[in-house]
Amino acid sequence: MNIPFLSLKDVTALHGVEINEAVSRVVNGGWYLQGQENEKFEKHYSEFIGTKYTIGCANGLDALIWIFRAYVELGVMQPGDEVIVPANTYIATILAITENELKPVLVEPKPNTLELDDDRIEEAITPRTKAIALVHLYGRCAYTDKIGEICKKHNLKLVEDNAQAHGCKFTDGRVTGSIGDAAGHSFYPGKNLGALGDAGAVTTNDPELAAAVRALANYGSQKKYVFKYAGRNSRLDEIQAAVLDVKLKYLVTDNQHRKEVAHYYYEHLNNPLIILPDLLPDEQNAYHLFPILVADGRRDALHDYLEQNGVGTVCHYPIAPHKQECYLKDDWNNPQLSLPITEQISAQELSLPIGPTITLKEVEQVVKFINSFK
């Protein structure tokens with residue numbers, strides 16, 4: 001038996017005819033950057049997310065970098081200002097902050113949700129706090145009304161890291177990526193909405209921010225050969241935009257299959273070693289990943305056991321950001337932070353196969369293996 005964690009070949013094949021047609025259209029059309037495919041995808045993605053502006057860029061990390069860089073260029077932030085960020089996140093969220101000489105202030109997650117603990121935010125706020133970087137990790141909506149109230153009370157920008165939550169919603173129906181002041185999106189191939197290479201986007205309703213982001217990602221230029229900012233080259237190419245526009249049409253349907261798989265896991269996993277995060281209403285989880293926590297130091301053993309039985313799993317993320325070598329000497333991490341909840345998650349988390357192509361029969365086999373593990 002072979003049940004991969006995620007087969008990108010199979011995911012692409014789901015809509016392969018349309019994807020091939022889209023790629024051929026671009027190749028044969030002869031226009032490969034900043035053309036009609038970008039315009040079309042940006043328009044459709046804005047409509048899907050519910051924002052006025054989408055700005056395509058090279059990848060999800062760049063999307064976050066350009067948001068913070070734009071706020072610095074616009075005078076909203078300056079080097080040394082602080083950004084509250086969940087300690088339990090992929091390192092890209094923090095890289096985007098430190099890249100702009102801002103200071104990340106790491107706040108622990110709630111153990112039952114794995115998302116930023118809104119009860120711990122205010123104690124981390126100082127006069128230099130300018131924003132909250134909210135990560136919808138694993139595809140789970142991390143926003144709460146309390147976070148919105150805190151941002152309003154302290155005049156903080158809310159920047160969403162929506163790299164893993166395409167199609168996720170808050171309780172009031174707003175789609176993640178439209179809730180905050182701006183959001184960064186990754187279209188890495190393995191995402192719910194994935195390109196055939198690196199790709200990303202920024203969404204926002206702020207015209208000034210949108211203009212600054214678009215310029216920064218185009219060498220800093222708002223007009224050909226005229227450079228307002230010292231920017232970089234971080235553009236979404238036409239082939240990736242065309243592919244994304246095809247796959248966007250099927251995102252809701254593909255996400256629905258993920259939810260069916262997730263419900264099977266929730267209903268049938270029955271092993272005392274396995275801890276599941278709280279079950280959210282369907283609209284509040286895009287199920288990019290299905291994380292479980294494995295108790296008693298048995299995570300790696302379960303990973304190996306499943307691999308030996310042909311089941312692919314991935315540990316997200318086995319080394320917490322504040323434990324990474326690149327940040328060990330930074331002022332904000334000296335003395336090194338002690339974040340026991342995040343560190344426990346990094347030692348226990350294991351992601352099970354979930355995606356638009358896995359069958360329920362395969363999921364049944366995964367569950368049987370896990371339930372028999374001791």
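Analyst: Happy to! For residue classes, Ala, Val, Leu, Ile, Met, Phe, Trp, Tyr, Cys and Pro count as nonpolar, Asp, Glu, Lys and Arg as charged, and the others, Gly among them, as polar. On that basis the lining of the largest pocket has 17 nonpolar, nine polar and four charged residues.

The model is predicted: local features need pLDDT of at least 70 and side-chain atom pairs 80 or more, while totals for chains, interfaces and linings use all residues. Numbering starts from 1 along each chain as its sequence is written, and side-chain values use heavy atoms, without hydrogens or water.

The largest pocket has a volume of about 630 Å³. Of its 30 lining residues, Y90, Q164, S186, Y188 and K191 are the closest to the centre. (A pocket is an open set of points on a 1 Å grid over the protein atoms alone, where a 1.4 Å probe fits, with protein on both sides within 12 Å along at least five of seven lines; lining residues have an atom within 4 Å of a point. The volume is the space filled by probe spheres set on the points, which are joined across faces, edges and corners.) Helices α4 (60–73) and α5 (91–99) each supply at least two lining residues, and α4 gives the most, with three. (Helices are DSSP runs of H or I, at least four residues, and strands of E, at least two, numbered from the N terminus.)

As for the strands, β2 (residues 82–86) runs parallel to β4, joined by three bridges; pairing requires at least two DSSP bridges. V83 has A131 in β4 as its bridge partner. β4 also pairs with β5 (residues 157–161), in the parallel sense over five bridges, with A133 opposite V159.
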